[in-house]
Structures are given as C-alpha cells and as structure tokens.
Amino acid sequence: MPPRDVLLARQRLVLDHFRDEVAHDWDATLSTFPHPHYELVPMMLVHDGDAAVRGYYHDTRVAFPDQHHEIIALRHSHDAVVVEFWLMGTHLGPLGPVPPTGGRFRVRMTAYFVFDADERLVCERIYFDRMTMVRQLLKGLDLKDPRRWPHAARVLRGLLAMSSDEPDPRLSETTPPTYDDVTS
C-alpha cells in the first residue's frame, strides 16, 4: 500500500471531487483530473475528455437537478480510492430520449477513483444496479390515468433506445490479469 500521506492526499482529492459535483462547480470537479475520464459500467459507456464529461454533467443535471449523494464508506486500495455511496435525485427533465417521470431514486453505488503511478486521478469508474434506478423512476408515472399512458410509452421507448447502444470496447474488450507479479 502507498504511504499514509499519499492515501490522505488521494482521499482529500476524492472528497473535494464529490463536494464540487454537488455544488455543480464543474471547473473545480474537472480540475481533479489531468484528463477527465468517467466509466459508467451499467450502461457500458465511457465519457472521455473535458467536453464529454461536461456533457455528461449537463445531461444528468438537466434530468436530475437535485441530484446529490450520501457517502457510506471510503476505502483505499493499492491504486484507487473506493467509495460506496447513495445517489439520489428526482427525474424532472429529459435524460436523453427518456422524458421525465417525476420519480425519485435512491440507489447504492460504488465508484473506483483510479490513480496512476504518478498519483494522478485517471478514471472514475462507477458501478450500480441500473434496474433499481429504473424501477424507482417508473414509480413516478401515473399508470392509473389512461391519459398518461402515451407518456409512459415514450418513457419505455426512451429506456429501450438507451439500452440499444453498443458497449464501449474500452469496457467490453478486457484482458484478464496474469498475476505473475504476485509473490507468495
């Protein structure tokens, strides 16, 4: 494991990153990376570079303007800070092809903040159960009123459209580790 001062510096950077995201201070958030790079594993999407990550922030905050989080736990590994957290928000705007449902979500997530050999943050890799979020968002639809059924159909079509994209090969084409460098 890296020395304590390195772990504390990583932890401070990650906590600043979380704080700046909630404050919508995108310049400060992106300054935690030399090259912003997000991987959303449930969707097999990669947002790489300043413009792509800013677009991701914009789109998700249009859809969920009150998005925020509660950190559950923070752990250190050899090359990463692992954060478990609740992500919460209300679907008040469009999320790509998905019109707003008005539903609230609270989803447990894990984010790996990966550092390179020079202690630069090179990736935020996020894992969560996508169906838990979808199920909660769909609860915002009033299906008892037949006048709302066309809106519900647009929501379902939008969700299906989001699911039809090809996975990013940076996430789908992986090489298994060899473990040759591990000693007994």
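Predicted model: local features only at pLDDT ≥ 70, side-chain atom pairs only at ≥ 80, totals over all residues.
Local features require pLDDT of at least 70, side-chain atom pairs count only at pLDDT 80 or more, and totals for chains, interfaces and linings use all residues. Residues are numbered from 1 along each chain as its sequence is written, and side-chain values use heavy atoms, without hydrogens and water.

Nine aromatic pairs were found in a search of the whole structure. Rings of Phe, Tyr and Trp (its six-membered ring) pair if their centres lie within 6.5 Å; planes under 30 degrees apart are stacked, over 60 edge-to-face, and the rest tilted. F18 and F113 form a tilted pair, at 5.7 Å centre to centre and 50° between the planes. F18 belongs to helix 1 (residues 4-22) and F113 to strand 5 (residues 104-115), 95 residues apart. Helices (H or I, at least four residues) and strands (E, at least two) are DSSP runs, numbered from the N terminus. F18 is buried, at 3% relative accessibility, and F113 is buried at 0%. Buried denotes under 20% relative accessible area, with a 1.4 Å probe and protein chains only.

The F64 and F105 pair is edge-to-face, because the ring centres lie 5.0 Å apart and the planes meet at 75°. F64 lies in the loop between helix 3 (50-63) and strand 3 (68-76), and F105 in strand 5, so the pair ties together parts 41 residues apart in sequence. F64 is buried at 4%; F105 is buried at 2%.

Ring pairs also link W26, F33, Y38, Y56 and Y57 into a cluster.

Two arginines lie over the ring of W86. The charged end of R106 sits 3.9 Å from the ring centre, and R108 lies at 5.9 Å. The criterion is NZ of Lys or CZ of Arg within 6 Å of the ring centre and within 35 degrees of the ring normal.

Definitions and conventions:
Buried < 20%, exposed > 50% of the residue type's maximum accessible area, 1.4 Å probe, protein only.
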